Amino acid sequence: MLDTPPIRTNWTREEAEEIYAQPFMDLLFQAQSLHRQMFDPNAVQKSRLLSIKTGGCAEDCAYCSQSARNGAQLPASKLIEVQRVIAEARKARDAGATRYCMGAAWRGPKARDMAQLEAMIEGVKALGMETCMTLGMLEQDQVLRLRDAGLDYYNHNIDTSERYYPEVITTRSFADRIDTLARVREAGINVCSGGILGMGEEHGDRIDMLLSLATLPEHPQSVPINMLIPMADTPLADTPPLDPIEFVRTIALARILMPRAHVRLSAGRTEMSDELQAMCIFAGANSIFMGDTLLTADNPEEDADEALFDRLGLRAMAAGSHGTR
Ligand code: SF4
């Protein structure tokens with residue numbers, strides 16, 4: 001086996017552009033070669049996502065049907081009961097998920113929500129699963145409470161490049177997101193952060209988004225790469241689809257810049273052919289959401305995922321596996 005490559009946080013724009021723009025086959029070969037040094041190439045981590053509070057969000061993310069500012073297509077729900085979360089997590093575990101992600105549609109948690117969130121984390125961890133939450137912006141004391149309850153991962157996407165960000169969200173800044181990521185990282189919680197492709201950005205924005213993550217003091221442990229699912233009545237409803245080859249290039253660049261991260265093929269899989277998903281996995285994606293819905297968008301049914309895993313000879317990654325071979 002080759003030596004493990006160094007983990008770098010000082011990538012330059014020129015280096016990243018050169019990697020991204022090289023001939024596609026060379027890019028795939030580089031990404032897959034690196035992937036094999038760091039991970040079992042035939043193992044994919046499976047997560048399940050549950051919406052614990054849906055709709056009525058005060059933020060204005062242009063891609064999101066849960067924003068009250070985008071026409072509030074989804075009525076606002078309350079934070080769901082802890083016992084329901086645990087029951088759903090148990091089902092997910094029995095179906096093969098090793099990580100349970102809980103997402104709330106709001107700007108950030110309120111003080112009155114914290115005890116319920118802590119109980120969810122403790123209950124899901126007691127099932128032997130890793131826990132992940134996505135709750136928006138966090139204050140320092142909230143980060144510490146979630147950590148002390150045992151939270152393994154915190155998801156907070158930067159969504160796109162700093163340049164393009166104001167085209168997508170105006171109610172909180174790119175810097176706000178970076179601040180929350182810093183609090184989470186410094187508290188010792190694993191960071192899950194990525195973005196959405198196909199929102200009308202340029203290819204340089206995709207590179208810059210990944211560079212923003214790859215030049216943090218420590219790389220996120222998990223990097224979800226989403227393909228936009230244009231939702232009716234959102235400002236991005238009529239956005240033309242992204243060239244799938246650009247999507248694969250971005251996955252490969254994420255793998256190369258952040259070799260130890262789990263690169264997650266996230267929203268948008270329903271629109272992808274099996275062949276495209278296989279190409280993404282070859283390019284270095286090694287984590288997926290399972291189940292037939294994400295927070296609000298469709299996701300492939302578990303049977304379809306099982307069939308694809310069988311056809312590709314893939315297997316589920318064990319809980320707690322952080323990959324470096
Ligand atoms: S992406 Fe999250 S923060 Fe943004 S509008 Fe949707 S639910 Fe709210």
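Predicted model: local features only at pLDDT ≥ 70, side-chain atom pairs only at ≥ 80, totals over all residues.
Q: Which residues are around the ligand?

A: Let's begin with the rule: a residue is near a molecule or strand if its C-beta atom, placed from the backbone, lies within 6 Å of it. Around the ligand here are Cys 57, Glu 59, Cys 61, Cys 64, Gln 66, Ser 67, Ala 105 and Gly 136.

Q: How do I sort that shell by class?

A: Ala, Val, Leu, Ile, Met, Phe, Trp, Tyr, Cys and Pro count as nonpolar, Asp, Glu, Lys and Arg as charged, and the others, Gly among them, as polar. By that rule, the shell has 4 nonpolar, 3 polar and 1 charged residues.

Q: Where does UniProt place the feature "binding site"?

A: Read such records with care: positions are given in the numbering used here, feature names are shortened, and annotations may be inferred rather than shown by experiment. An unreviewed UniProt entry puts "binding site" at Cys 57, Cys 61 and Cys 64. The record also gives this feature at Cys 101, Cys 132, Cys 192 and Arg 264. Those four are spread over 164 residues of sequence, yet they cluster in space, with a largest C-alpha distance of 13.7 Å.

Q: Is Cys 57 buried or exposed?

A: Count the neighbours: a residue is buried if 20 or more other C-beta atoms lie within 10 Å of its own, exposed if 12 or fewer, and partly exposed in between, with C-beta atoms placed from the backbone. Cys 57 has 24 other C-beta atoms within 10 Å, so Cys 57 is buried. Cys 61 is buried too, because 24 C-beta neighbours lie inside 10 Å.

Q: In which loop does Cys 57 lie?

A: First we need the named elements: helices (H or I, at least four residues) and strands (E, at least two) are DSSP runs, numbered from the N terminus. Cys 57 lies in the loop between β1 (43–53) and α3 (82–94), and Cys 61 is found in the loop between β1 and α3 as well.

Q: What does Cys 61 touch?

A: Two residues are in contact if their C-beta atoms, placed from the backbone, lie within 7 Å. Setting aside neighbours within four places in sequence, Cys 61 is in contact with Ser 67, Val 168 and Ile 169. With residues up to four places away again left out, Cys 57 touches Gln 66, Ser 67, Ala 68, Ala 105 and Trp 106.

Q: Where are Cys 101 and Cys 192?

A: Cys 101 sits in strand β2 (residues 99–104), and Cys 192 in strand β5 (residues 190–192). Cys 101 is buried because it has 27 C-beta neighbours inside 10 Å; for Cys 192 the count is 28, so Cys 192 is buried. Beyond four places in sequence, the contacts of Cys 101 include Cys 132 and Asn 155. Among those of Cys 192 are Cys 132, Tyr 153 and Asn 155.

Q: Which residues have the most contacts inside the largest nonpolar core?

A: In soluble globular proteins, nonpolar side chains tend to be buried together. A nonpolar core is a set of buried Ala, Val, Leu, Ile, Met, Phe, Trp, Tyr and Cys residues joined through C-beta atoms within 7 Å. The largest one has 88 residues, and those with the most contacts inside it are Tyr 63, Leu 210, Ile 251 and Leu 253. Helix α9 (residues 244–257) gives the most to this core, with 8 residues.

Q: How many residues of α9 are buried?

A: The number is 11 of the 14, so α9 is largely enclosed by the rest of the structure. Among the buried ones are Phe 247, Ile 251 and Leu 257.

Q: What about an exposed case, such as Asp 233?

A: Asp 233 counts as exposed because it has 10 C-beta neighbours inside 10 Å. Its place is the loop between β7 (222–227) and α9. Phi of Asp 233 is near 70°, a positive value in a residue other than glycine.

Note on methods. Residues numbered from 1 in each chain as written.
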